[in-house]
Amino acid sequence: MTPVLSDALRAFGLAALQAVFLLAMAPLLKTLIKMMKARLQNRQGPPLLQGYYDLAKLLRKETVRSETASWVFVAGPRVYFAAAVSATTLVPVLISAAPLEAAGGVLLLVGTLALGRFALATAALDTGSPFGGMGSSRDMTIAALAEPALMLGLFTSGLAAGTLNLGALARSALQHGVTFHPSDVLAFAGLFIIVLAETGRVPVDNPATHLELTMIHEAMLLEYSGPDLALVEWASAVKELLYLTLLVDLFMPVGMATSAEPVALLMALVAWAGKVFVLAIAVTITESMNAKLRLFRVPELVSISLGLAFLALTIRFL
Amino acid sequence: MSVVSTVATALGVAEEVVREVRAGELALEVERSNLPALADRVFLGLEGRLLSLFASDERQATGRFVVRQVWSLPGHRTFLHVAAPIDPALPSFPSISAKYPVANWFEREVMDLFGLVPEGHPNLARVALHDDWPEGAWPLRKDFPADRIVPRVQGDFHPFRPVTGEGVFQVPVGPVHAGIIEPGHFRFGVAGEPILYLQLRLFYVHKGTEKRFERLPWRHGVFLAESISGDTSVGHALAYAHAIERLANVEPPPRARALRVVLLELERLYNHTADIGGVATDVAFSVAASRAQTLREGLLRLQDDLFGSRLMRSVVALGGLRRDVSPEGLIKLRKHLEHFGKEFDDLIRLLNDAGSFGDRVDGTGILTQQAARDLGIVGMAARASGLDMDLRRDHPHDAYEGLRFEVPVEQGGDVRARLTVRAREVAQSLSIVRQVLDAMPPLSSASFRHPMPTRLPPRASALGWAEAWRGPCTHWIATDERGEIARVKITDPSFLNWPGIVQAVPGNIIPDFPVINKSFNFSYSGNDR
């Protein structure tokens, strides 16, 4: 075997491992936030494993599809899921290197996630139900603003490190440690807002609502059932975990393993879980303390994020 | 000058024509052709408010249908019944809807259920019956057997207003919704997110309750009245009981009247609390929402404890109450409400302090005072749009006569104004219950229920009313020649108020509709009956 080929195989093996790892952990994060939210409301909340039960239930159920649905409707959840899983291979999680970082960096990540979003939004339009259309239009409106802000935020970090490769970015962040450079603080605040928007959290969207007229992400899923729905739910959970991991990578790299040594990996796992947990608490508190924004005010919020990212970028040049 | 002569003068009729049926109820019979002119006089001369408009089938006794109106004359502290006999050979009556939109749904309902056509009505589409119901089957006519099953017919699509224009489209929502709520169809005409107009289609839960009453012994009616709208069980039970008691000329003992006030105010408290929480839920302000839920649950448990029923069912009885409350129970009630009052103030502070919440409710869903007046909006919704009305003050029932309370009125007409009116009403309710408890007539045997006569007077009618938490619940009850029920007309405030939302919504965006809807929280069941 040539070294190139074996390197590639090794990378794919790691990529598969990392994808499976994030797929396995994602439902836990979702339930954890639900649980903490419930506690803040003096409610019991779901058991920690509820996310898995839900997925298992959906996967066992039959799929009901509208008679007017075409292949686009079928393809939507699959592409969305595939995109989320592919994206997991581009982000460093425990080790300061992404399995497939050779394939591309920030732009590939944003592009892959955008592809999934496009597939889901198109699929939601497919049945002709008014809610699907409403969800798609709202989701795309927000995406059109959030994606540039996300890229700008990531570019700020990229500018500091001189690379757009996420693995290299993490390594550079690890090398410099937590700097509390004003630029980092601003970029983090900007990106946190984007993460809330991208993962459908209050104040942008309400993941717990039953009101179809107010939904954004959920409105696109109203026509889905069974395994199709499971794919979307699972992929959304993975996306959320991925975004939080990205924030951890760029701004709180402490504890990340630099090699695949078991002890270092174990330490990295604890550190990663702890940092994601802290971010999950931040998400929970934001969700509990705020009402959802009026839909037409969401662009203002995203603009704030864009402004923060722009400031952060400017400070880098000073 | 007596009330009768004042009213007769204002209406331009001879004094003998206006009859005082009993305290607080005047009656007047007119030719059907005089209905529009009379409506003008009642609206302008007496500042009357139309509370109900309906028909009754009296062909067996007099060979006529009768179209009836019930007006509230708050300035004179009396209701005015207007009756216009209709010859079955000419089944129509002049409409007043074009001038007084408050009559719109009422007149169409008469058309649907009795086959009497309101001549000159601007929109003669069905309202109570759906479009798959056959022509010529009028369920409230006496010759329509209550157990008759009508075939479903291929009807036309309901004539919704079409939409035209570039980028303008319709969003149909319901009757089945994503959450567990009652069914109703909303059709939005929208340009993107902004709503141009809204059309409603209700009556998906029409149960024929009024027809059911006609076969029910009057003694059993309270149970049916309680189920007209689950969240207004006390309101409707009281309206029914009041009507029967007025027919039988029975006055419940003072303790029962005092406790009835407590029941009605508790119903107001738990519903206002739940709806304030509901508004918070709809804008995803979850902490406030669950605090409101907790407060509501506390009240329901207290009610279960005191009356044996969480929603206070089977407590009101004809002639008084079915059961009394022990002195320890009343102490518990007082303590609980003291605690509730503090917690409720905290909740309101939490909502008022949250900028993100204020941003969602300020200026959202404005029902202007003019629109509310024209549409005849009643109750809490009317008070939030600057209309000062409350049957508890204007036509006192039970023990309200001697109580001191203010009627909160807000001018904004938006979601915030409705929240504020609710919050202020909660404070008033707490004060009312405190006053009642302070002056509670003592417990003594059989002091909570006056015996009812064995028979009601034949061929009589009476109005029962109660200002429930949404607004006035009225029951008009007529007896036949045996003294059994011939007709019950139930008017839930929701029936008067639903058209208000059509005016409150345009100009807002679709995702704000649920919170506007929740701030009113009309009953589907009470509307559809």
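Here is a short chat about chain B of a predicted model.

Q: What should I know about the model and its numbering?
A: It is a predicted model, where local features need pLDDT of at least 70, side-chain atom pairs count only at pLDDT 80 or more, and totals for chains, interfaces and linings use all residues. Residues are numbered from 1 along each chain as its sequence is written, while chains are lettered from A and ligands numbered from 1 in the order in which they are written.

Q: How many helices and strands in chain B?
A: Chain B has 18 helices and 15 strands. These are DSSP runs numbered from the N terminus: helices are H or I, at least four residues, and strands are E, at least two.

Q: And how much of chain B is buried?
A: Of its 529 residues, 50% are buried. Buried means 20 or more other C-beta atoms, placed from the backbone, within 10 Å of the residue's own.

Q: New topic: which strands form the open sheet?
A: The order is S1-S2-S5-S4-S3 in chain B, with mixed pairing. Two strands pair if DSSP finds at least two bridges between them.

Q: Which ones sit at the edges?
A: Strand S1 (19–22) and strand S3 (49–58) of chain B, as each pairs on one side only.

Q: Are S2 and S5 parallel or antiparallel?
A: Strands S2 (residues 25–29) and S5 (residues 78–86) of chain B pair in the parallel sense, over 5 bridges. In that region, B:Glu29 stands opposite B:Ala83 in S5(B).

Q: What about the contact with chain A: how many residues?
A: Chain B gives 26 residues and chain A gives 25. Contact means C-beta atoms, placed from the backbone, within 7 Å.

Methods:
A residue is buried if 20 or more other C-beta atoms lie within 10 Å of its own, exposed if 12 or fewer, and partly exposed in between; C-beta atoms are placed from the backbone. Two residues are in contact if their C-beta atoms, placed from the backbone, lie within 7 Å.
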